[in-house]
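Me: I am new to this structure and would like a friendly tour. Could you show it to me first, and then take my questions one at a time?

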Amino acid sequence: MQAITVKPPGAGITFQNVDYKNKGIKIKILENGICGTDREIVKGQLNSAAVPAGFNYLILGHEAIGIVMEDGNTFKKGDIVMPVNRRGCGKCLNCLVGRPDFCETGNFVEAGIKGMHGFMREYIYDDEKYLVRVPADIKNMAILAQPLADLEKSMDEIINIQKRMIWKCSDNTFHCLHALVIGTGTIGILFSLLLKTYGFDVTIANRRDAHEKELKIFNMTDLKYYNSANGYNFDNNSFDLIIEASGSSADVISQTLVFLKNNGIFGLFGFIRSGELGINTHMLQDFVYKSIAMVGLINGQKPHFEMAMDHLMQWKYMYPGIDKLLITDEIQISDREKITTALSEKSKDEIKTKILWD
Ligand code: BGC
Ligand code: ZN
Ligand code: ZN
(Lines give C-alpha, C1' and ligand atoms only; values in the text may rest on other atoms or scores of the structure.)
(Ligands and ions follow the chains in the order given, each with its own letter.)
Protein backbone atom coordinates (compact mmCIF):
# COMPACT_ATOMS: atom_id res chain seq x y z
CA MET A 1 0.00 0.00 0.00
CA GLN A 2 1.00 3.59 -0.53
CA ALA A 3 2.54 5.45 2.41
CA ILE A 4 4.46 8.62 3.21
CA THR A 5 7.68 7.71 4.97
CA VAL A 6 10.66 9.41 6.60
CA LYS A 7 14.08 8.27 7.79
CA PRO A 8 14.89 10.22 10.95
CA PRO A 9 17.22 11.90 11.69
CA GLY A 10 17.48 12.34 7.92
CA ALA A 11 15.38 15.03 6.25
CA GLY A 12 12.81 14.66 3.46
CA ILE A 13 9.88 12.37 2.67
CA THR A 14 9.35 9.42 0.34
CA PHE A 15 6.13 8.19 -1.25
CA GLN A 16 6.70 4.51 -0.84
CA ASN A 17 4.88 1.22 -1.22
CA VAL A 18 5.00 -0.56 2.09
CA ASP A 19 3.94 -4.02 3.07
CA TYR A 20 3.11 -3.56 6.70
CA LYS A 21 0.31 -5.11 8.69
CA ASN A 22 -0.11 -5.28 12.44
CA LYS A 23 -2.85 -6.76 14.63
CA GLY A 24 -6.33 -5.30 14.85
CA ILE A 25 -9.28 -4.33 12.69
CA LYS A 26 -8.72 -2.89 9.25
CA ILE A 27 -9.31 0.82 8.78
CA LYS A 28 -9.08 2.69 5.51
CA ILE A 29 -7.55 6.10 6.02
CA LEU A 30 -9.70 8.99 4.77
CA GLU A 31 -7.71 12.01 5.91
CA ASN A 32 -4.49 13.01 7.62
CA GLY A 33 -3.73 16.31 9.28
CA ILE A 34 -0.34 17.96 9.02
CA CYS A 35 1.15 19.50 12.15
CA GLY A 36 4.34 21.27 13.19
CA THR A 37 5.73 18.04 14.62
CA ASP A 38 5.52 16.41 11.17
CA ARG A 39 7.43 19.32 9.68
CA GLU A 40 10.14 19.09 12.32
CA ILE A 41 10.55 15.38 11.58
CA VAL A 42 10.65 16.08 7.84
CA LYS A 43 13.33 18.73 8.39
CA GLY A 44 15.34 16.28 10.53
CA GLN A 45 14.98 18.56 13.55
CA LEU A 46 12.97 16.46 16.00
CA ASN A 47 15.31 14.67 18.40
CA SER A 48 12.64 12.27 19.61
CA ALA A 49 11.80 11.01 16.09
CA ALA A 50 12.68 7.32 15.73
CA VAL A 51 11.94 4.41 13.38
CA PRO A 52 10.09 1.39 14.83
CA ALA A 53 12.28 -1.50 16.00
CA GLY A 54 13.34 -3.63 13.02
CA PHE A 55 12.64 -0.96 10.38
CA ASN A 56 14.84 1.51 8.58
CA TYR A 57 11.96 3.91 7.89
CA LEU A 58 9.02 5.43 9.73
CA ILE A 59 5.56 5.92 8.26
CA LEU A 60 4.69 9.54 9.07
CA GLY A 61 1.40 10.90 10.44
CA HIS A 62 -0.28 11.09 13.83
CA GLU A 63 -3.51 12.89 12.90
CA ALA A 64 -5.95 10.68 11.01
CA ILE A 65 -9.53 9.71 10.52
CA GLY A 66 -10.55 6.53 8.76
CA ILE A 67 -13.44 4.22 7.98
CA VAL A 68 -13.69 0.80 9.61
CA MET A 69 -13.58 -1.95 6.95
CA GLU A 70 -14.83 -4.93 8.98
CA ASP A 71 -17.01 -5.58 12.02
CA GLY A 72 -15.15 -5.63 15.32
CA ASN A 73 -16.46 -5.89 18.87
CA THR A 74 -17.08 -2.21 19.51
CA PHE A 75 -16.96 -0.84 15.99
CA LYS A 76 -18.86 -1.89 12.89
CA LYS A 77 -17.98 -1.75 9.23
CA GLY A 78 -18.57 1.83 8.01
CA ASP A 79 -17.92 3.57 11.34
CA ILE A 80 -15.70 6.62 11.15
CA VAL A 81 -12.89 6.57 13.71
CA MET A 82 -9.78 8.40 14.84
CA PRO A 83 -6.80 6.47 16.27
CA VAL A 84 -5.10 7.65 19.48
CA ASN A 85 -1.50 8.56 18.67
CA ARG A 86 0.55 7.72 21.79
CA ARG A 87 0.77 4.17 23.15
CA GLY A 88 2.16 3.01 26.49
CA CYS A 89 5.45 1.42 27.48
CA GLY A 90 3.59 -1.60 28.88
CA LYS A 91 5.51 -1.31 32.15
CA CYS A 92 4.69 1.76 34.22
CA LEU A 93 1.39 2.18 36.06
CA ASN A 94 0.30 5.28 34.19
CA CYS A 95 0.70 3.46 30.87
CA LEU A 96 -1.05 0.37 32.20
CA VAL A 97 -4.14 2.43 33.07
CA GLY A 98 -4.27 4.15 29.68
CA ARG A 99 -2.35 7.30 30.55
CA PRO A 100 0.91 7.07 28.58
CA ASP A 101 0.83 10.88 28.48
CA PHE A 102 2.35 10.47 31.96
CA CYS A 103 4.63 7.54 31.07
CA GLU A 104 7.32 7.22 33.73
CA THR A 105 9.85 5.19 31.78
CA GLY A 106 9.77 7.40 28.69
CA ASN A 107 9.55 4.22 26.60
CA PHE A 108 6.12 5.03 25.16
CA VAL A 109 5.76 5.06 21.38
CA GLU A 110 4.03 7.66 19.23
CA ALA A 111 2.54 6.92 15.83
CA GLY A 112 4.44 8.65 13.06
CA ILE A 113 6.83 10.22 15.55
CA LYS A 114 8.65 7.79 17.84
CA GLY A 115 9.02 4.04 17.39
CA MET A 116 5.59 3.32 15.86
CA HIS A 117 4.43 3.55 12.27
CA GLY A 118 2.08 6.45 11.68
CA PHE A 119 -1.16 6.93 9.82
CA MET A 120 -0.13 8.45 6.47
CA ARG A 121 -0.91 5.26 4.57
CA GLU A 122 -3.85 3.67 2.80
CA TYR A 123 -4.79 1.31 5.63
CA ILE A 124 -4.01 0.86 9.28
CA TYR A 125 -4.84 -2.13 11.48
CA ASP A 126 -5.55 -1.25 15.08
CA ASP A 127 -6.76 -2.57 18.40
CA GLU A 128 -10.25 -1.16 18.95
CA LYS A 129 -9.30 0.19 22.36
CA TYR A 130 -7.21 2.84 20.62
CA LEU A 131 -10.04 4.02 18.39
CA VAL A 132 -12.34 6.97 19.03
CA ARG A 133 -15.71 7.34 17.35
CA VAL A 134 -16.10 10.34 15.04
CA PRO A 135 -19.64 11.80 14.96
CA ALA A 136 -20.82 12.09 11.34
CA ASP A 137 -21.84 15.74 11.82
CA ILE A 138 -18.28 16.88 12.39
CA LYS A 139 -16.50 14.63 9.92
CA ASN A 140 -15.10 17.59 7.94
CA MET A 141 -13.38 19.09 11.01
CA ALA A 142 -12.80 15.93 13.10
CA ILE A 143 -9.12 15.88 12.17
CA LEU A 144 -8.76 18.72 14.70
CA ALA A 145 -9.71 16.33 17.50
CA GLN A 146 -6.14 14.99 17.77
CA PRO A 147 -4.43 18.33 18.48
CA LEU A 148 -7.48 19.39 20.50
CA ALA A 149 -7.16 16.22 22.62
CA ASP A 150 -3.69 17.44 23.69
CA LEU A 151 -5.36 20.64 24.89
CA GLU A 152 -8.30 18.95 26.61
CA LYS A 153 -5.71 17.04 28.58
CA SER A 154 -3.83 20.29 29.26
CA MET A 155 -6.97 21.98 30.62
CA ASP A 156 -7.69 18.98 32.78
CA GLU A 157 -4.17 19.18 34.15
CA ILE A 158 -4.28 22.95 34.72
CA ILE A 159 -7.58 22.70 36.58
CA ASN A 160 -6.25 19.83 38.69
CA ILE A 161 -3.14 21.81 39.62
CA GLN A 162 -5.22 24.87 40.45
CA LYS A 163 -7.30 22.85 42.87
CA ARG A 164 -4.52 23.87 45.29
CA MET A 165 -6.68 26.95 46.01
CA ILE A 166 -10.04 28.45 45.02
CA TRP A 167 -9.52 29.31 41.37
CA LYS A 168 -13.05 30.13 40.35
CA CYS A 169 -15.39 33.07 40.52
CA SER A 170 -18.02 33.71 43.20
CA ASP A 171 -20.64 32.16 40.90
CA ASN A 172 -18.47 29.01 40.70
CA THR A 173 -17.60 29.57 37.01
CA PHE A 174 -14.36 30.69 35.29
CA HIS A 175 -16.02 33.80 33.85
CA CYS A 176 -14.01 36.29 35.90
CA LEU A 177 -10.66 34.70 35.01
CA HIS A 178 -8.34 36.06 32.32
CA ALA A 179 -6.11 34.01 30.05
CA LEU A 180 -3.34 35.04 27.67
CA VAL A 181 -2.47 32.63 24.86
CA ILE A 182 0.79 33.33 23.05
CA GLY A 183 0.77 32.07 19.46
CA THR A 184 -1.86 31.86 16.75
CA GLY A 185 -1.00 28.48 15.21
CA THR A 186 -3.49 25.60 15.32
CA ILE A 187 -2.67 25.11 18.99
CA GLY A 188 -2.96 28.79 19.97
CA ILE A 189 -6.34 29.09 18.27
CA LEU A 190 -7.76 25.80 19.57
CA PHE A 191 -6.48 26.49 23.08
CA SER A 192 -8.13 29.93 23.03
CA LEU A 193 -11.43 28.46 21.84
CA LEU A 194 -11.30 25.85 24.55
CA LEU A 195 -10.56 28.41 27.27
CA LYS A 196 -13.42 30.54 25.97
CA THR A 197 -15.70 27.51 26.17
CA TYR A 198 -14.63 27.02 29.78
CA GLY A 199 -15.70 30.63 30.39
CA PHE A 200 -12.34 32.45 30.47
CA ASP A 201 -11.86 35.92 29.04
CA VAL A 202 -9.18 35.19 26.42
CA THR A 203 -6.51 37.33 24.78
CA ILE A 204 -4.55 35.67 21.97
CA ALA A 205 -1.26 37.22 20.86
CA ASN A 206 1.19 37.11 17.98
CA ARG A 207 3.97 39.43 16.80
CA ARG A 208 2.03 40.70 13.78
CA ASP A 209 -1.41 41.84 12.69
CA ALA A 210 -4.00 39.09 12.64
CA HIS A 211 -4.75 37.56 9.24
CA GLU A 212 -8.21 37.95 7.76
CA LYS A 213 -9.32 34.39 8.55
CA GLU A 214 -7.98 34.66 12.08
CA LEU A 215 -9.89 37.91 12.63
CA LYS A 216 -13.08 36.24 11.44
CA ILE A 217 -12.56 33.47 13.97
CA PHE A 218 -11.64 35.87 16.79
CA ASN A 219 -14.69 38.06 16.14
CA MET A 220 -17.02 35.11 15.79
CA THR A 221 -15.83 33.53 19.04
CA ASP A 222 -15.21 36.70 21.04
CA LEU A 223 -11.44 36.34 21.48
CA LYS A 224 -9.33 39.48 21.94
CA TYR A 225 -6.36 39.80 19.61
CA TYR A 226 -3.10 41.39 20.78
CA ASN A 227 -0.29 42.34 18.41
CA SER A 228 2.94 41.86 20.38
CA ALA A 229 5.30 43.14 17.66
CA ASN A 230 6.41 45.85 20.09
CA GLY A 231 6.43 43.62 23.13
CA TYR A 232 3.77 42.99 25.73
CA ASN A 233 2.24 45.95 27.43
CA PHE A 234 -0.36 44.86 29.96
CA ASP A 235 -0.83 45.92 33.57
CA ASN A 236 1.07 43.73 36.00
CA ASN A 237 -1.13 40.98 37.44
CA SER A 238 -3.49 40.88 34.45
CA PHE A 239 -3.79 37.15 33.83
CA ASP A 240 -4.73 34.09 35.84
CA LEU A 241 -3.31 31.83 33.17
CA ILE A 242 -0.72 32.27 30.44
CA ILE A 243 -0.20 29.63 27.76
CA GLU A 244 2.94 29.61 25.65
CA ALA A 245 1.86 28.06 22.35
CA SER A 246 4.12 29.87 19.88
CA GLY A 247 7.09 27.55 20.24
CA SER A 248 9.25 30.46 19.18
CA SER A 249 11.66 31.92 21.68
CA ALA A 250 12.18 31.37 25.40
CA ASP A 251 12.18 35.16 25.86
CA VAL A 252 8.38 35.27 25.81
CA ILE A 253 8.33 33.52 29.16
CA SER A 254 10.43 36.10 30.99
CA GLN A 255 8.63 38.89 29.11
CA THR A 256 5.16 37.79 30.19
CA LEU A 257 5.65 36.18 33.60
CA VAL A 258 5.15 39.53 35.34
CA PHE A 259 1.60 39.72 33.97
CA LEU A 260 0.58 36.64 35.90
CA LYS A 261 -1.61 37.27 38.94
CA ASN A 262 -1.13 35.80 42.40
CA ASN A 263 -1.81 32.03 42.28
CA GLY A 264 -1.51 32.13 38.50
CA ILE A 265 -0.29 29.33 36.30
CA PHE A 266 2.00 29.38 33.27
CA GLY A 267 1.53 26.50 30.82
CA LEU A 268 4.20 25.55 28.31
CA PHE A 269 2.82 23.74 25.29
CA GLY A 270 4.98 22.61 22.39
CA PHE A 271 8.69 22.96 22.14
CA ILE A 272 10.47 26.28 22.48
CA ARG A 273 13.02 26.35 19.67
CA SER A 274 15.38 29.15 20.58
CA GLY A 275 16.57 31.58 23.21
CA GLU A 276 17.23 31.22 26.89
CA LEU A 277 15.03 31.74 29.87
CA GLY A 278 16.51 34.61 31.88
CA ILE A 279 15.01 34.74 35.34
CA ASN A 280 16.58 37.14 37.80
CA THR A 281 16.29 36.86 41.57
CA HIS A 282 13.56 39.47 41.67
CA MET A 283 11.44 37.37 39.32
CA LEU A 284 12.16 34.21 41.27
CA GLN A 285 11.14 35.87 44.52
CA ASP A 286 7.96 37.04 42.81
CA PHE A 287 7.36 33.49 41.65
CA VAL A 288 7.42 32.29 45.26
CA TYR A 289 5.65 35.27 46.74
CA LYS A 290 2.80 35.00 44.22
CA SER A 291 2.51 31.20 44.50
CA ILE A 292 2.93 30.83 40.76
CA ALA A 293 2.99 27.41 39.09
CA MET A 294 4.58 26.49 35.77
CA VAL A 295 3.76 23.28 33.97
CA GLY A 296 4.74 21.45 30.78
CA LEU A 297 1.71 20.29 28.79
CA ILE A 298 1.69 17.45 26.27
CA ASN A 299 -0.36 14.67 24.71
CA GLY A 300 -4.02 13.82 25.24
CA GLN A 301 -5.35 10.30 25.70
CA LYS A 302 -8.59 8.57 24.80
CA PRO A 303 -10.91 10.43 27.25
CA HIS A 304 -9.50 13.70 25.88
CA PHE A 305 -10.15 12.66 22.27
CA GLU A 306 -13.76 12.05 23.28
CA MET A 307 -13.98 15.45 24.97
CA ALA A 308 -12.44 16.99 21.84
CA MET A 309 -15.12 15.43 19.62
CA ASP A 310 -17.79 16.88 21.92
CA HIS A 311 -16.29 20.35 21.84
CA LEU A 312 -15.94 20.30 18.05
CA MET A 313 -19.59 19.38 17.84
CA GLN A 314 -20.49 22.23 20.20
CA TRP A 315 -18.40 24.76 18.23
CA LYS A 316 -19.89 23.70 14.93
CA TYR A 317 -23.33 24.71 16.14
CA MET A 318 -22.31 27.69 18.30
CA TYR A 319 -20.16 29.24 15.60
CA PRO A 320 -21.65 28.40 12.19
CA GLY A 321 -18.95 28.32 9.50
CA ILE A 322 -16.06 27.80 11.93
CA ASP A 323 -15.25 24.39 10.42
CA LYS A 324 -14.49 26.02 7.07
CA LEU A 325 -12.35 28.70 8.68
CA LEU A 326 -10.28 26.24 10.71
CA ILE A 327 -9.59 23.83 7.83
CA THR A 328 -7.58 26.09 5.58
CA ASP A 329 -6.39 23.63 2.92
CA GLU A 330 -7.13 20.17 1.56
CA ILE A 331 -4.64 18.33 -0.63
CA GLN A 332 -5.38 15.17 -2.61
CA ILE A 333 -2.95 12.31 -1.98
CA SER A 334 -2.18 12.26 -5.72
CA ASP A 335 -0.78 15.79 -5.53
CA ARG A 336 2.68 14.75 -4.39
CA GLU A 337 4.32 18.06 -5.14
CA LYS A 338 1.88 19.99 -2.98
CA ILE A 339 2.13 17.43 -0.17
CA THR A 340 5.92 17.66 -0.25
CA THR A 341 5.71 21.44 0.06
CA ALA A 342 3.04 21.31 2.77
CA LEU A 343 5.16 18.89 4.80
CA SER A 344 8.12 21.21 4.77
CA GLU A 345 6.63 24.69 5.09
CA LYS A 346 3.60 26.12 6.83
CA SER A 347 1.65 28.32 4.42
CA LYS A 348 0.89 31.91 5.38
CA ASP A 349 -2.77 31.65 6.36
CA GLU A 350 -2.69 28.04 7.45
CA ILE A 351 -4.62 26.83 10.45
CA LYS A 352 -5.04 23.17 9.51
CA THR A 353 -4.03 21.47 6.26
CA LYS A 354 -5.49 18.07 5.50
CA ILE A 355 -4.38 15.33 3.12
CA LEU A 356 -7.35 13.53 1.51
CA TRP A 357 -6.92 9.88 0.53
CA ASP A 358 -10.08 9.43 -1.53
C1 BGC B 1 1.21 15.56 19.20
C2 BGC B 1 1.24 15.05 20.62
C3 BGC B 1 2.58 14.41 20.89
C4 BGC B 1 3.66 15.47 20.64
C5 BGC B 1 5.08 15.02 20.95
C6 BGC B 1 2.35 16.53 18.98
O7 BGC B 1 2.38 16.97 17.67
O8 BGC B 1 -0.01 16.20 18.91
O9 BGC B 1 0.16 14.18 20.88
O10 BGC B 1 2.65 13.90 22.19
O11 BGC B 1 3.58 15.91 19.31
O12 BGC B 1 5.58 14.05 20.13
ZN1 ZN C 1 0.80 17.01 16.23
ZN1 ZN D 1 5.01 4.05 30.61
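Predicted model: local features only at pLDDT ≥ 70, side-chain atom pairs only at ≥ 80, totals over all residues.

Me: Is K352 buried or exposed?
Reply: A residue needs 20 or more other C-beta atoms within 10 Å to count as buried. K352 has 21 C-beta neighbours inside 10 Å. Its class is therefore buried.

Me: How far apart are the C-alpha atoms of K352 and I34?
Reply: Along the chain, K352 and I34 are 318 residues apart. Leaving out residues up to four places away in sequence, K352 touches G33, I143, L144, T186, L326, I327 and T328. As for K352 and I34, their C-alpha atoms are separated by 7.0 Å.

Me: Now the whole chain: how many helices and strands are there, and what is its radius of gyration?
Reply: The chain holds 10 helices and 19 strands. For 358 residues the globule rule gives 21 Å, and the chain comes close to that, so it is as compact as a globular protein of that length. Its radius of gyration is 20 Å.

Me: What percentage of the chain do buried residues make up?
Reply: The C-alpha atoms fill a box of roughly 60 × 40 × 40 Å along the principal axes. Among contacts with a separation of 6 or more, 72% join residues 24 or more positions apart. Of the 358 residues, the buried share is 41%.

Me: Let's turn to helix α8. How far apart are its end C-alpha atoms?
Reply: Helix α8 runs over residues 302-318, which makes 17 residues. The expected span uses one less than the number of residues, at 1.5 Å each, and for α8 this comes to 24 Å. The model agrees, with the end C-alpha atoms apart by 24 Å.

Me: How are α3 and α8 oriented to each other?
Reply: Their axes come within 8 Å and cross at roughly 110°. The contact joins A145, L148, A149, E152 and K153 of α3 to H304, F305, M307, A308, M309, H311 and L312 of α8. The crossing is right-handed. Angles of 65 to 115 degrees count as roughly perpendicular, and α3 and α8 are therefore roughly perpendicular.

Me: And what is the orientation of α3 to α4?
Reply: Here the axes are 10 Å apart and the packing angle is about 50°. That makes the two helices oblique. On the α3 side P147, L148, L151 and M155 take part, meeting T186, I187, L190, F191, L194 and Y198 of α4. The crossing is right-handed, and the orientation is oblique.

Me: What is the phi of N172, and is N172 buried or exposed?
Reply: Most residues other than glycine have a negative phi. N172, in the loop between α3 and β12 (178-182), has a positive phi near 65°. With 8 C-beta neighbours inside 10 Å, N172 counts as exposed.

Me: What about N237: where does phi lie, and how is N237 classed by its C-beta neighbours?
Reply: N237 is in the loop between β14 (224-227) and β15 (239-244). Its phi is positive, near 60°. With 14 other C-beta atoms within 10 Å, N237 is partly exposed.

Me: Last one: is A3 buried or exposed?
Reply: A3 lies in strand β1. Beyond residues up to four places away in sequence, A3 touches Q16, V18, I59, M120 and R121. Because 24 other C-beta atoms lie within 10 Å, A3 is buried.

Technical notes
Residues numbered from 1 in each chain as written. Chains lettered and ligands numbered in written order. Helix = DSSP H or I, 4+ residues; strand = E, 2+ residues; numbered from the N terminus. Rg over C-alpha atoms; globule rule 2.2 N^0.38 Å. Buried ≥ 20, exposed ≤ 12 C-beta atoms within 10 Å, placed from the backbone. Contact = placed C-beta atoms within 7 Å. Axes fitted to C-alpha atoms, helices over the stretch in contact; angles between N-to-C directions. Parallel < 35°, antiparallel > 145°, perpendicular 65-115°, else oblique. Left-handed = near helix turned anticlockwise from the far one by under 90°.
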